[in-house]
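Please read it alongside the sequence and the coordinates.

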Amino acid sequence: MVHWRVAPKWYLVALSPLAFFAIAAVAMEVSGQGWPDITELGIFSSLPVVAAPLMLLLLLAAGYAEETGWRGFAVPELLKHRSPLATALIIGVLWACWHVPSMYVIENYRELGINFLPGFFIGIIAGSIFLAWLYQASGGSIFIVSVWHATFNLFSGTAAAHGLVAAIVSTGVITWAVLIVVLEVRTWMRSIRFKAGPRTAAG
């Protein structure tokens, strides 16, 4: 949980939602919607308004709460008997079901309505594939996946991420997942029994 001494590139990967947010901001400006209001990064659903740095800290704590269970416990346990891809898909479905109630709590999700549910499941499963890969590639760092989780929530779940921004950030995650499957599928499918822990060919 405190394994933070990893290669700098994994910090860049963990902060990738910031790059997706920047792309979305440019897209909004080009489309005539104007730049996102950065001050709204401190507004998350019905929570009291706080500064963006404090919001990131709150979301990091929430990320730890989830990642300790999903990636810190469930991934290593399932990897003892299943391939990484099967592990990520199983956890992705469970994780998506676990998140369904949040559709009635988080304002951004609530506005999209029930028709958003299929896309919601696809996004969560894509996130599971990405985080399973990041967890292993970073040497089993719950800290790194929690940083990504918090950064993603900051740039997709706060008031600054309404509409197009949230859609582009989520699309970025799906793109990550597709690239991982394409690049790793041979390795992932080759071994049914994949030992948990640091990967020797993380790249």
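In this predicted model, the axes of helix H3, residues 52-79, and helix H4 come within 10 Å and cross at roughly 145 degrees, and the crossing of these two helices is right-handed. On the H3 side the contact is made by Glu 66, Glu 67, Trp 70, Arg 71, Ala 74, Val 75, Leu 78 and Leu 79, which meet Pro 84, Thr 87, Ile 90, Ile 91, Leu 94, Trp 95, Trp 98 and His 99 on the H4 side. Sorted by class, the contact of H3 with H4 has 11 nonpolar, two polar and three charged residues.

One of the H4 residues in that contact is Thr 87, which is placed in helix H4 and is buried, with a relative accessible area of 1%. Leaving aside residues up to four places away in sequence, Thr 87 touches Val 75, Leu 78, Leu 79 and Arg 82. The C-alpha atoms of Thr 87 and Ile 129 are separated by 8.5 Å, although the two residues are 42 residues apart along the chain.

Helix H4, residues 84-99, also packs against helix H6, residues 117-137, where the two axes come within 8 Å and cross at roughly 135 degrees. H4 and H6 are therefore oblique to each other, and H4 passes H6 in a right-handed crossing. The H4 residues that meet H6 are Pro 84, Leu 85, Ala 88, Leu 89, Ile 91, Gly 92, Val 93, Trp 95, Ala 96, Cys 97 and His 99, and their counterparts in H6 are Phe 120, Phe 121, Ile 124, Ile 125, Gly 127, Ser 128, Ile 129, Leu 131, Ala 132 and Gln 136. By class, the contact of H4 with H6 has 16 nonpolar, five polar and no charged residues.

| Helices | Axes come within | Crossing angle |
|---|---|---|
| H3 and H4 | 10 Å | roughly 145 degrees |
| H4 and H6 | 8 Å | roughly 135 degrees |

Helix H6 also holds Gly 119, which is partly exposed, with a relative accessible area of 37%. The C-alpha atoms of Gly 119 and Ser 170 are separated by 9.7 Å, and these residues are 51 residues apart along the chain.

The aromatic rings come next. A pair of aromatic rings is described by the distance of the centres and the angle of the planes. By the pairing rule used here, the count comes to 12 aromatic pairs. Phe 130 and Trp 148 form a tilted aromatic pair, with 5.0 Å from centre to centre and 45 degrees between the planes. This pair links distant parts of the chain, with Phe 130 in helix H6 and Trp 148 in helix H7, residues 142-157, at a separation of 18 residues. Both Phe 130 and Trp 148 are buried.

How is the pair of Trp 148 and Phe 152 arranged? The ring centres of Trp 148 and Phe 152 are 5.2 Å apart and their planes lie at 10 degrees, so the pair is stacked. Because Trp 148 and Phe 152 are four residues apart in helix H7, they are separated by about one helical turn. Trp 148 is buried, with a relative accessible area of 3%, and Phe 152 is also buried, with a relative accessible area of 14%. Ring pairs link Trp 10, Phe 130, Trp 133, Trp 148, Phe 152 and Trp 176 into a cluster.

Helix H7 is also the place of Asn 153, which is buried, with a relative accessible area of 17%. Not counting residues up to four places away in sequence, Asn 153 touches Phe 44, Leu 59 and Thr 158.

Finally, the chain as a whole can be described. Its secondary structure comes to eight helices and zero strands, so that from the N terminus on the elements run α-α-α-α-α-α-α-α. Of the 203 residues of the chain, 47% count as buried. Among contacts between residues at least 6 apart in sequence, 74% join residues at least 24 apart.

Key: Residues are numbered from 1 along each chain as its sequence is written. This is a predicted model: local features need pLDDT of at least 70, side-chain atom pairs count only at pLDDT 80 or more; totals for chains, interfaces and linings use all residues. Side-chain values use heavy atoms; hydrogens and water are left out. Axes are lines fitted to C-alpha atoms, for helices over the stretch in contact, and angles run from 0 to 180 degrees between N-to-C directions. Angles under 35 degrees count as roughly parallel, over 145 as roughly antiparallel, 65 to 115 as roughly perpendicular and the rest as oblique. A crossing is left-handed if the near helix is turned anticlockwise from the far one by less than a right angle, and right-handed if clockwise. Contact means heavy atoms within 4.5 Å. Ala, Val, Leu, Ile, Met, Phe, Trp, Tyr, Cys and Pro count as nonpolar, Asp, Glu, Lys and Arg as charged, and the others, Gly among them, as polar. Rings of Phe, Tyr and Trp (its six-membered ring) pair if their centres lie within 6.5 Å; planes under 30 degrees apart count as stacked, over 60 as edge-to-face and the rest as tilted. Buried means under 20% relative accessible area, exposed over 50%, partly exposed in between (1.4 Å probe, protein chains only).
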